[in-house]
Structure formats: structure tokens, C-alpha cells
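Please read this note alongside the sequence and the coordinates.

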Amino acid sequence: MSFCFNFDLPAQTTNPEDTEDSAKPAEPVKEANEHFPPSDPQFLLMDAVFETVTVGALPPLHFLNETVFEKTASEREDEEKILSRMAEQKSDLISGVYEGGLKVWECTYDLLQLIEKDGETFRGKAVLDLGCGAGLLGILALKRGARQVHFQDYNSTVIEQLTDDDEITENSPPPKKQAIDLAQHPLLTRCRFFSGDWSTFLALVLKTEPPPKYDIIFTSETIYNTAYYPALHETLHKLLAPDGLVYLATKSHYFGVGGGLHLFEAFVEQRHVFSLDRLWDGEEGLQRHVVVLRFKKPKDT
């Protein structure tokens with residue numbers, strides 16, 4: 001099945017002040033929820049077909065094949081009906097309904113390659129995989145020593161059916177359903193899973209005492225819609241540790257949607273909260289980038 005971006009959005013301008021009023025989601029924001037691992041997490045993996053990502057010296061990472069996920073939709077819980085709506089509209093994204101979490105987008109691989117090159121171990125760090133989808137970035141951090149990793153995606157279907165996979169339970173799918181003792185899966189004890197709009201997700205996690213602060217926040221291909229910039233920026237602002245880093249992987253421009261790195265750079269600069277530095281720029285095809293955001297120091301403001 002072929003999909004494409006097919007938002008019916010107004011033309012975008014290069015003025016960052018316009019981003020709060022343009023490209024509004026089609027439906028109300030989705031309330032955030034925390035999702036707890038099922039008593040039998042491996043039951044979700046029965047009859048699953050996995051793809052494997054191997055980047056340099058990084059440990060192999062497995063994720064659920066999107067095509068197989070679609071073909072087994074009738075056997076899976078999807079209260080949001082995102083699979084049927086994707087098929088009806090023939091789109092990878094439906095603003096305010098489905099935000100692309102079932103697919104591993106290209107820029108995620110760029111960020112994985114950068115992590116491999118830099119040799120980051122994540123030892124003892126708190127990590128947030130924001131807009132996680134399959135959660136490859138967060139899972140890598142978990143397997144390389146992060147003390148805690150939180151996963152967030154817009155859609156509960158993605159969190160419940162895709163993110164909580166055998167990489168975290170550290171086992172192959174069992175031949176039949178059986179009770180699982182979560183104590184046998186120590187990686188799960190270091191994870192929390194959330195769905196919902198960024199604004200409601202932020203409000204939910206800030207209720208925790210003490211509120212979380214993340215040393216590293218990963219976010220890949222999340223700046224395609226300028227209407228989401230205020231909520232994204234506020235989430236990064238409130239949840240990043242004082243000396244923390246935000247790694248953002250993105251394309252220069254998202255055709256048919258309007259967002260991209262240039263507009264987001266302008267938006268960030270206008271807010272005077274973060275500095276933004278480019279770590280990697282791709283030259284082939286549609287330009288892709290990896291950038292890092294950190295809080296501005298007093299001398300930078």
C-alpha cells in the first residue's frame with residue numbers, strides 16, 4: 001500500500017511568529033495516559049515478524065515490521081482506529097489523529113549512526129524518547145546503561161502494540177501465551193510509557209514528585225507541523241535537565257506539511273531559551289540533519 005503526506009494545510013511563511021496559528025491539528029488534542037506493561041508482555045509478540053537494525057558497533061535492534069502490523073490489524077487492539085483511517089486516507093500522517101508512530105522514519109537511522117560514531121554509553125542517565133514510535137533510540141539508551149528511559153508517542157496504539165517489544169523484555173516470542181514475572185525483566189523496571197499530545201503529556205509527568213528532568217531527550221522527525229512547535233518547545237523547556245541535551249533529527253522541509261529545520265530554528269531563536277547547533281548535515285536527496293539543543297548560558301542571551 002502506498003502512502004503519502006496529504007494534509008490540506010495553508011501555505012507556510014518563514015515568520016516564526018505565525019507558527020502558533022498555522023497548520024492547526026484537525027481534531028482536539030489527545031489526553032495523555034501512562035501505559036503499564038501487561039502481565040504477559042510477550043503475548044503481544046506472538047506471530048510477529050521483526051526487522052533488525054545494525055549500525056556499526058551498536059547492539060542489534062529489533063522492531064515490528066509495519067507491513068505485518070497492518071496485515072494483522074484485525075487481531076490487534078486499535079481503539080483509535082488509526083490503521084483503518086490510514087488506509088482510507090492513504091496517508092502516513094493524519095493531523096491530530098495519527099502522527100506517524102508505526103513507521104521508523106529515515107532520520108532515526110541518522111541519529112543512531114551519530115550515536116555510534118560518538119560512542120555515547122548513557123551510563124546512569126535519564127533519557128526521554130519523545131515521539132518514540134518503535135522506540136529504537138530509547139531502547140538503545142536502555143541497553144547501554146541508562147538508569148531510566150521514558151517513552152512517549154501520540155498514539156496509544158503505538159505505545160501498546162509497537163514500543164513495548166522484545167528488546168525490552170529481552171526474550172524471543174514464546175510459542176504460547178504464558179504468565180510473565182516482570183521481575184525477570186529488569187529493563188522494564190527502568191521504563192515508563194506514555195501516550196498523548198505533548199501539552200497533556202507534560203502536564204501529566206509534572207505531577208510526579210519530584211518532576212522528572214532528563215539528561216538526554218531524543219526526538220526524531222517531530223517538527224514537520226509548525227502548529228506543534230509551541231507544545232514541543234515547552235515540553236523540552238520544562239523537562240530538560242539544566243546541563244541536558246536534546247538530540248533532534250529532522251529534514252530540512254516536509255513537503256505538504258510545511259514544517260522543517262529552518263522554521264524550527266527561527267522559532268527556537270525567537271524564544272531565547274535554547275541554543276541550536278548542527279551536528280550532521282546530509283547531502284544526498286532531501287536534506288536531513290541532526291542538531292543538538294541546550295539551554296543558553298547567561299552570556300549567550
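**Notes on side-chain contacts**

1. F151 is buried, with a relative accessible area of 0%, where buried means under 20% relative accessible area, exposed means over 50% and partly exposed lies in between, computed with a 1.4 Å probe on protein chains only. F193 is likewise buried, at a relative accessible area of 2%.

2. On the basis of the note: this is a predicted model, in which local features need pLDDT of at least 70 and side-chain atom pairs count only at pLDDT 80 or more, while totals for chains, interfaces and linings use all residues. Residues are numbered from 1 along each chain as its sequence is written, and side-chain values use heavy atoms, with hydrogens and water left out.

3. The count of aromatic pairs comes to 10, a pair being two rings of Phe, Tyr or Trp (for Trp, the six-membered ring) with centres within 6.5 Å, called stacked when the planes are under 30 degrees apart, edge-to-face when over 60 and tilted for the rest. The rings of F151 and F193 have their centres 5.3 Å apart and their planes at 10 degrees, so this pair is stacked. The pair links distant parts of the chain, since F151 belongs to strand β5 (residues 148-153) and F193 to strand β6 (residues 191-195), 42 residues apart; helices (H or I, at least four residues) and strands (E, at least two) are DSSP runs, numbered from the N terminus.

4. W198 and Y228 form an edge-to-face aromatic pair, with 6.4 Å from centre to centre and 85 degrees between the planes. W198 lies in helix α7 (residues 198-205) and Y228 in the loop between β7 (214-220) and α8, so the pair ties together parts that are 30 residues apart in sequence. Both W198 and Y228 are buried, and W198, Y224, Y228 and Y254 form one aromatic cluster.

5. Which residues of α8 are buried? They are Y229, L232, H233, T235, L236 and L239. Seen down the axis of α8, these buried residues fall within an arc of 160 degrees, so they line one face of the helix; the arc is that of the directions from the helix axis to the C-beta atoms.

6. A search of the whole structure finds 11 salt bridges, each being a side-chain nitrogen of Lys or Arg within 4 Å of a carboxyl oxygen of Asp or Glu. One of them joins the side chains of D110 and R288, at 2.6 Å from N to O. D110 is buried, with a relative accessible area of 6%, whereas R288 is partly exposed, at 24%.

7. Within helix α8 (residues 229-239), K238 and E234 are 4 residues apart, which separates them by about one helical turn, and their side chains meet in a salt bridge at 4.0 Å from N to O. K238 is partly exposed, with a relative accessible area of 36%, and E234 is partly exposed at 34%.

8. R278 forms a salt bridge with D281, the closest N and O atoms being 3.4 Å apart. R278 is partly exposed, with a relative accessible area of 36%, as is D281, at 34%. Elsewhere, salt bridges that share partners join E106, E221 and K251 into one network.
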